[in-house]
Amino acid sequence: MTRLLSALVAILLLAGCGGQAGGLQQARVQVQADLPVAEAWQLLSEFSLAHNYVPGLTRTEIVSAQTSGVGAHRRVYDADGDYLEETITAWEEGRGFTIRLHDGDAPMAPFEQVFFDYRLDAAGSDSTDITLSLRFAMPWGGLGAWLGGTVIRPAMESELVQVAAGMKAFYETGRPASDADRERLAPQVVVSGDAVEGP
């Protein structure tokens with residue numbers, strides 16, 4: 001994910017456009033995992049497990065004293081040693097949480113705001129619907145909004161499909177997801193990303 005975002009940042013910076021941030025846009029996917037929602041929550045609420053299902057990540061490091069709930073802060077690393085910072089900003093026990101993606105105090109470039117939502121819903125007694133949403137606001141006014149909708153959102157949807165397929169594999173087997181797992185399970189992931197407003 002880090003290399004993809006770096007490439008997108010380069011494209012946007014080359015545009016060299018000014019202006020204000022547009023409204024929030026969203027990429028969203030959903031997949032069903034074959035385990036009860038309580039078991040899925042045990043895995044999701046363990047904030048140090050992201051590298052087991054997110055493609056390209058090699059490790060997760062919690063850097064706050066707090067390991068869960070609002071304020072918990074982690075770094076997720078890729079194979080090159082680069083990392084992205086993530087801090088929980090909202091927490092619903094048993095259902096999910098929201099993280100802010102950032103670089104120090106600043107939002108992750110090139111965004112004005114960027115949030116990642118994890119949500120779990122029971123789908124029968126032994127299945128869980130996993131919904132992943134990435135909400136972001138672009139700078140550069142109308143051009144930024146256009147780039148968000150035509151370049152960023154489709155790329156994020158593709159990335160979220162891989163994350164969701166990896167989560168399904170990891171949650172169902174307890175083993176870190178492989179690229180083969182993600183390729184096999186990606187067709188089961190449903191994409192639905194509508195424009196949204198608000199934080």
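This is a predicted model: local features need pLDDT of at least 70, side-chain atom pairs count only at pLDDT 80 or more; totals for chains, interfaces and linings use all residues.
**Entry 1: the fold**

I then looked up how much of the chain is hidden. Of its 199 residues, 47% count as buried. I also checked the contacts with a separation of 6 or more, and 57% of them come from residues 24 or more positions apart.

The chain has a mean pLDDT of 88, and 85% of its residues reach 70 or more.

**Entry 2: the nonpolar core**

Next I turned to the largest nonpolar core, which has 48 residues. Which of them touch the most other members? They are Tyr118, Leu132 and Met167. I listed the elements that each supply at least two residues of this core: the helices α2 (37–44) and α3 (141–173), and the strands β1 (25–33), β4 (83–92), β5 (96–103), β7 (113–122) and β8 (128–137). Helix α3 gives the most, with 11 residues.

Leaving aside neighbours within four places in sequence, Leu132 is in contact with Ala27, Arg28, Val29, Phe116, Asp117, Tyr118, Leu160, Val163, Ala164 and Met167.

Then I moved on to Ser133, which is found in strand β8. Is Ser133 buried or exposed? Buried means under 20% relative accessible area, so Ser133 counts as buried at 6%. Not counting residues up to four places away in sequence, Ser133 touches Gln26, Ala27, Arg28, Phe115, Phe116 and Asp117. From Ser133 to Tyr118 I noted 15 residues in sequence and 6.8 Å in space, C-alpha to C-alpha.

**Entry 3: two sides of α2**

I wanted to know which residues of α2 are buried. My list has Ala40, Trp41 and Leu44. They cover an arc of only 100° around the axis, so they sit on the same side of α2. On the other side of the helix, Ala38 and Gln42 are exposed. Looking for what covers the buried residues of α2, I found β4, β5, β7, β8 and α3 among the elements.

**Entry 4: aromatic rings**

A pair of aromatic rings is described by the distance of the centres and the angle of the planes. I counted 10 aromatic pairs in the structure. Tyr77 and Tyr83 form a tilted one, 5.3 Å centre to centre with 55° between the planes. Tyr77 is buried, with a relative accessible area of 8%, whereas Tyr83 is partly exposed at 39%. Another tilted pair is Phe116 with Tyr118, at 4.7 Å centre to centre and 40° between the planes. Both Phe116 and Tyr118 are buried.

**Entry 5: two loops**

My last stop was the loops. Pro110 is found in the loop between β6 (106–107) and β7. A cis peptide bond joins Ala109 and Pro110, with omega about 5°. I wrote beside this that most peptide bonds are trans.

Trp140 lies in the loop between β8 and α3. At 13% relative accessibility, Trp140 counts as buried, because the cut-off for buried is under 20%. Trp140 and Glu112 are 28 residues apart in sequence, and their C-alpha atoms are 9.7 Å apart in space.

Conventions: Residues are numbered from 1 along each chain as its sequence is written. Side-chain values use heavy atoms; hydrogens and water are left out. Rings of Phe, Tyr and Trp (its six-membered ring) pair if their centres lie within 6.5 Å; planes under 30 degrees apart count as stacked, over 60 as edge-to-face and the rest as tilted. Buried means under 20% relative accessible area, exposed over 50%, partly exposed in between (1.4 Å probe, protein chains only). A nonpolar core is a set of buried Ala, Val, Leu, Ile, Met, Phe, Trp, Tyr and Cys residues joined through side-chain atoms within 4.5 Å. Helices (H or I, at least four residues) and strands (E, at least two) are DSSP runs, numbered from the N terminus. Contact means heavy atoms within 4.5 Å. pLDDT is the predictor's confidence in each residue, from 0 to 100. The arc is that of the directions from the helix axis to the C-beta atoms.
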